[in-house]
Amino acid sequence: MAQAKGGPAFSLGDLQAGAKGLQQVEDAPKKAEGKGDDGSDAALGGLIEIWNNHGGDIEAIYAELGENPGKAIKYPPSGAEDFAQKYLDGKLTYDGDRAQAKASAWS
């Protein structure tokens, strides 16, 4: 096929032939989000216990965890469960991987 000046370097037939060679790929199955089998309950319980031991004192809690309390001071959790869940989600720490590693100690 002769290419028109400024036109595409391929034809519709070329595109259709190439499309036939493509394989359909299925999406990976989504991981079920459940509680109880991955140790998250134990991790939550451990963090709730730390909260309760310190009466919700953010400075004391983070001193025990060896973490920077900046995010928790700026965005204070409403209670023990809120703290535990947000901490595990990495919302109250500067290093989410580190928070998960510490929490796994309670699992």
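Colleague: How many helices and strands are there in the chain, and what makes a stretch count as one?

Modeller: The chain has 6 helices and 0 strands. Helices are DSSP runs of H or I with at least four residues, strands are E runs of at least two, and numbering goes from the N terminus. Read along the sequence, that gives the pattern α-α-α-α-α-α. Please keep in mind that this is a predicted model: local features need pLDDT of at least 70, side-chain atom pairs count only at pLDDT 80 or more, and totals for chains, interfaces and linings use all residues. Residues are numbered from 1 along each chain as its sequence is written, and side-chain values use heavy atoms, with hydrogens and water left out.

Colleague: Why is Gly46 called buried?

Modeller: Buried means under 20% relative accessible area, exposed means over 50%, and partly exposed is in between, using a 1.4 Å probe and protein chains only. Gly46 has 8% relative accessibility, so Gly46 counts as buried. The residue lies in helix H2 (residues 40-53), and its C-alpha atom is separated by 8.3 Å from that of Ala84, 38 residues apart along the chain. In the chain of 107 residues, buried residues make up 27%.

Colleague: Then what makes Leu12 exposed?

Modeller: Leu12, in helix H1 (residues 12-20), counts as exposed because its relative accessibility is 57%, and the cut-off for exposed is over 50%. Together with Phe10 and Leu15, Leu12 makes a nonpolar surface patch of about 320 Å².

Colleague: Where does Asn68 lie, and why is Asn68 called partly exposed?

Modeller: Asn68 lies in the loop between helix H3 (58-65) and helix H4 (70-74). Its relative accessible area is 44%, so Asn68 is partly exposed. Leaving aside neighbours within four places in sequence, Asn68 is in contact (heavy atoms within 4.5 Å) with Tyr62 and Tyr94. A polar atom of the Asn68 side chain also lies 2.8 Å from the backbone nitrogen of Gly70. The C-alpha atoms of Asn68 and Thr93, 25 residues apart along the chain, are separated by 7.1 Å.

Colleague: How many aromatic pairs are there, and what is the rule?

Modeller: The count comes to 4 aromatic pairs. Rings of Phe, Tyr and Trp (its six-membered ring) pair if their centres lie within 6.5 Å; planes under 30 degrees apart count as stacked, over 60 as edge-to-face and the rest as tilted. One of the pairs is Tyr62 and Tyr87, at 6.1 Å centre to centre with 70 degrees between the planes, which is edge-to-face. This pair links distant parts of the chain, with Tyr62 in helix H3 and Tyr87 in helix H5 (residues 80-88), 25 residues apart.

Colleague: How do you know whether Tyr62 and Tyr87 are buried or exposed?

Modeller: Tyr62 has a relative accessible area of 1%, so Tyr62 is buried. Tyr87 is buried because its value is 0%.

Colleague: And what kind of pair do Phe83 and Tyr87 form?

Modeller: Phe83 and Tyr87 form a tilted pair, 5.7 Å centre to centre with 40 degrees between the planes. Because they are 4 residues apart in helix H5, about one helical turn separates them. Phe83 has 0% relative accessibility and therefore counts as buried. Trp51, Tyr62, Phe83 and Tyr87 form one aromatic cluster.

Notes. Patch = residues over 30% accessible without salt bridge, like charges linked within 9 Å, V, L, I, M, F, W, Y side chains within 5 Å. Areas by Shrake-Rupley, 256 points an atom, 1.4 Å probe, with all protein chains shown as cover. Salt bridge = Lys/Arg side-chain N within 4 Å of Asp/Glu carboxyl O. Polar contact = N/O pair within 3.5 Å; in protein donor to acceptor, adjacent residues only side chain to side chain.
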